[in-house]
Amino acid sequence: SAADPRSSWTYGSLKRASDAMAVALGGLGIGPGDRVAVLLPQHPAVLITHFAAMKLGAVSLPLFTLFGEDALRYRLSDSGARALVTDAATLERVMALAPDLPDLATIITTGPARAPVLAFDELTATDPTGFVPRDTSADDPAVMIYTSGTTGDPKGVLHAHRFLIGHLPCIE
């Protein structure tokens, strides 16, 4: 399962899981341009979520797990994040912020889930048969990364799909 970070993953299993997550997110109303926040430590769910968002034409929003409430609230609010994937260790912090984040309609955890929070493993078990990724161009938005905010508030920097090529050596 995706919740077990010690399991072996092939590129084929990453494709199947991210296709399933894309179908699930799409069914929850996530589409082109929507921000999908990823608030996780190193874990298979990180890649699955990034890939799923990009397959929908949505924008991945990587967030640092050690951010405090103010830093998280600011980035989630400023970006207008519609969905967030996190783990059990961070879920309570996210739920405390949720009332301040009207755009954040979907919260997903890799840990145990109780409504309204959704279970990552259930979403990645969605049948992806027939899923076709959105046709994106090199200039379409893919990732939003926030500056450190050393001279004022952090600013969301939107990167296009072409930016991902520079990260290919890390993935390989």
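1. Let's start just after α3, where G80 takes a positive phi of about 70°. Helices here are DSSP runs of H or I with at least four residues, strands are E runs of at least two, and both are numbered from the N terminus. Please keep in mind that this is a predicted model, in which local features need pLDDT of at least 70, side-chain atom pairs count only at pLDDT 80 or more, and totals for chains, interfaces and linings use all residues. Residues are numbered from 1 along each chain as its sequence is written, and side-chain values use heavy atoms, with hydrogens and water left out.

2. Helix α3 itself spans residues 69-79, and L72, R75, L76 and S79 are buried in it (under 20% relative accessible area, with exposed over 50% and partly exposed in between; 1.4 Å probe, protein chains only). Seen down the axis, these buried residues fall within an arc of 95°, so they line one face of α3; the arc is that of the directions from the helix axis to the C-beta atoms. Their cover includes β1, β2 (59-62), β3, α4 (88-97) and β6 (141-146), with contact meaning heavy atoms within 4.5 Å.

3. Now to H161, in the loop between β7 (156-160) and α6 (168-171). Is H161 buried or exposed? With a relative accessible area of 14%, H161 is buried. Leaving aside residues up to four places away in sequence, H161 touches M54, T136, S137, A138, D140, P141 and A142.
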